[in-house]
Amino acid sequence: MQEEKKEEATPKKSHKFIIIIILLLAMWGLYKHVTKLPDGSMDTDTIWEHNAKIMDSFIFAYGVAHPLVMSTNDKVVYLYKNTRTKRYVFPIKDLKTHKTHFCYLESVDNAPNKSMYAIDISNKNWCRQVIDKVAKVKGHNPAQWQEKMSINYYSENVSNLDTYYHNNVDNDDE
């Protein structure tokens with residue numbers, strides 16, 4: 001009789017063990033899927049201004065290389081939103097240092113998702129192009145452009161590219 005009781009208790013213990021293992025794996029999977037991101041700004045004007053110091057050079061160079069874009073006023077400057085979190089912050093892994101930076105994404109091109117740049121939300125001087133060998137978006141954080149503007153509109157309302165040109169490019173007088 002005692003042997004029968006011992007045999008019945010064993011399957012109950014193994015079921016509990018299996019359930020605990022499944023719960024632990026589920027919690028680990030949920031932790032890996034849900035990346036805690038800083039809030040960052042939700043005001044697009046603030047984000048454009050934050051990114052301006054770095055992006056001015058890329059936008060200016062694109063405008064010089066594509067003069068038709070300037071004359072037709074095509075919208076080629078994009079700001080991206082994280083569709084999973086509904087915020088503008090993305091975790092970006094620097095593939096050289098393997099550090100994670102929390103960044104805003106912006107691109108300059110006639111096709112969205114090309115020439116995408118990540119600018120750190122707490123260090124305006126840290127910027128990487130999001131390409132295979134430089135930096136990548138970490139985890140499941142899909143990007144979708146949310147705002148776009150022309151180079152002329154950018155120059156008039158975000159950062160004056162004429163001033164950028166005279167301060168950084170036009171140094172022939174020296």
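Is Tyr80 buried or exposed? In this predicted model, Tyr80 is buried, its relative accessible area being 0%.

**Aromatic pairs**

- The count of aromatic pairs in the model comes to 3, and one of them joins Phe58 and Tyr117 in a stacked arrangement, with 3.9 Å from centre to centre and 15 degrees between the planes.
- Because Phe58 belongs to helix 2 (residues 44-65) and Tyr117 to strand 4 (residues 116-120), this pair ties together parts that lie 59 residues apart in sequence.
- The two partners fall into separate accessibility classes, since Phe58 has 27% relative accessibility and counts as partly exposed, whereas Tyr117, at 11%, counts as buried.
- The pair formed by Tyr78 and Tyr80 is tilted, because the ring centres are 6.5 Å apart and the planes stand at 35 degrees, which falls between the limits of 30 degrees for stacked and 60 degrees for edge-to-face.
- Tyr78 counts as buried at 4% relative accessibility, and Tyr80 is buried at 0%.
- Tyr78 and Tyr80 also belong to a cluster, linked by ring pairs, that takes in Trp145.

**Strand 1 and its partners**

- Strand 1 (residues 75-82) is largely enclosed by the rest of the structure, because 7 of its 8 residues are buried.
- Strand 1 runs antiparallel to strand 7 (residues 143-150), to which 7 bridges join it, and within this pairing Val77 is found opposite Met149 of strand 7.
- Strand 1 also pairs with strand 3 (residues 100-108), again in the antiparallel sense, over 3 bridges, and here Leu79 has Glu106 of strand 3 as its bridge partner.

**The course of helix 2**

- Helix 2, which carries Phe58, is made up of 22 residues, yet its end C-alpha atoms are only 27 Å apart, which falls short of the 32 Å that a straight helix would reach at 1.5 Å a residue.
- A bend of about 70 degrees is found in helix 2 at Ala52.

**Ser155 and its surroundings**

- Ser155 is a residue of helix 4 (residues 151-157), and its relative accessible area of 18% places it in the buried class, because the limit for that class is under 20%.
- A polar atom of the Ser155 side chain lies 3.1 Å from the backbone nitrogen of Leu161.

**Positive phi in two loops**

- Asn73 counts as partly exposed, with 40% relative accessibility.
- Lys86, which is likewise not a glycine, has a positive phi of about 65 degrees, and its place is in the loop between strand 1 and strand 2 (90-94).
- At 54% relative accessibility Lys86 counts as exposed, because the limit for that class is over 50%.

Technical notes: Residues numbered from 1 in each chain as written. Predicted model: local features only at pLDDT ≥ 70, side-chain atom pairs only at ≥ 80, totals over all residues. Heavy atoms only, no water. Phe/Tyr/Trp six-rings, centres within 6.5 Å; stacked < 30°, edge-to-face > 60°. Helix = DSSP H or I, 4+ residues; strand = E, 2+ residues; numbered from the N terminus. Buried < 20%, exposed > 50% of the residue type's maximum accessible area, 1.4 Å probe, protein only. Polar contact = N/O pair within 3.5 Å; in protein donor to acceptor, adjacent residues only side chain to side chain. Expected span 1.5 Å × (residues − 1). Bend = angle between axes of the 7 residues up to and from the residue. Pairing = 2+ DSSP bridges.
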